[in-house]
Amino acid sequence: MARRTFSLHTVSGLIACGLVAGALLAVVVIGWRLALLARGAIEVMPDEPEASSAAGEPQPDLRERSLLIPVQGVAPAALTDNFNDARAGGLRVHHALDIMAARGTPVLAVEDGRIVRLHHGGAGGITVYQLDAAGRYGYYYAHLERYADGLAEGQKVTRGDLLGYVGTTGNAPPKAPHLHFAIYEVADPKRPWRGRPIDPFPLWR
Ligand SMILES: [Zn+2]
């Protein structure tokens with residue numbers, strides 16, 4: 001019986017070569033992405049919510065809700081529209097509103113609803129996913145310093161309830177604390193953390 005060796009002439013050798021080539025390709029691709037991030041982006045958009053279709057302006061039903069600005073003490077005039085800004089060196093569109101505020105400023109629920117997900121990790125850092133009462137729209141709050149005491153998934157919240165505090169967790173610049181706030185129209189109720197991105201800025205214009 002022939003001895004098995006790792007050469008291109010054996011099946012196991014071919015598989016091993018394929019694995020090595022795949023690993024090298026992954027390293028190259030990841031390195032290229034990181035280089036782009038380092039070169040072009042101060043902040044990339046948090047990984048989620050993922051966009052499932054084209055972004056848009058808020059519809060009348062959302063405008064009529066008079067959503068609360070989710071950072072305590074911030075006036076509409078202090079907001080700047082950065083929804084369409086490039087992020088990640090041009091690899092993404094921001095699709096959210098960055099609200100600058102001092103570290104530790106209370107972050108408040110924009111309307112009544114419930115917490116569907118508390119996620120910690122990735123570019124968003126400490127994040128909250130809230131749905132409205134009907135589950136139609138989702139609200140995403142990212143880069144929090146920490147959660148409000150006792151905040152839990154499944155919890156009902158009322159407009160103005162404390163969710164957490166402004167910070168720089170995830171990929172926010174340490175010297176520029178802000179709330180990354182996104183609105184999305186839920187596409188699939190089983191995956192309520194993704195949907196069509198909607199620009200929050202016109203709601204408070
Ligand atoms: Zn942002």
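Guide: Let's start with Ala88, which sits in the loop linking strand S1 (86-87) to strand S2 (92-93). Strands here are DSSP runs of E with at least two residues, while helices are runs of H or I with at least four, both numbered from the N terminus. This is a predicted model, where local features need pLDDT of at least 70, side-chain atom pairs count only at pLDDT 80 or more, and totals for chains, interfaces and linings use all residues. Residues are numbered from 1 along each chain as its sequence is written.

Visitor: Is Ala88 buried, partly exposed or exposed, and why?

Guide: We count other C-beta atoms, placed from the backbone, within 10 Å of the residue's own: 20 or more means buried, 12 or fewer means exposed, and in between is partly exposed. Ala88 has 18 of them, so the label is partly exposed.

Visitor: What is phi of Ala88 near?

Guide: Ala88 isn't a glycine, yet its phi is positive. The value is near 55°.

Visitor: Where is His95, and is His95 buried or exposed?

Guide: His95 lies in the loop between S2 and strand S3 (97-100). Phi of His95 is positive too, near 55°, and this residue isn't glycine either. Because His95 has 21 C-beta neighbours inside 10 Å, it counts as buried.

Visitor: How many helices and strands does the protein have?

Guide: Reading from the N terminus, the elements go α-α-β-β-β-β-β-β-β-β-β-β-β. That gives 2 helices and 11 strands.

Visitor: What percentage of the residues in the protein is buried?

Guide: The protein has 205 residues. Buried ones make up 34%.
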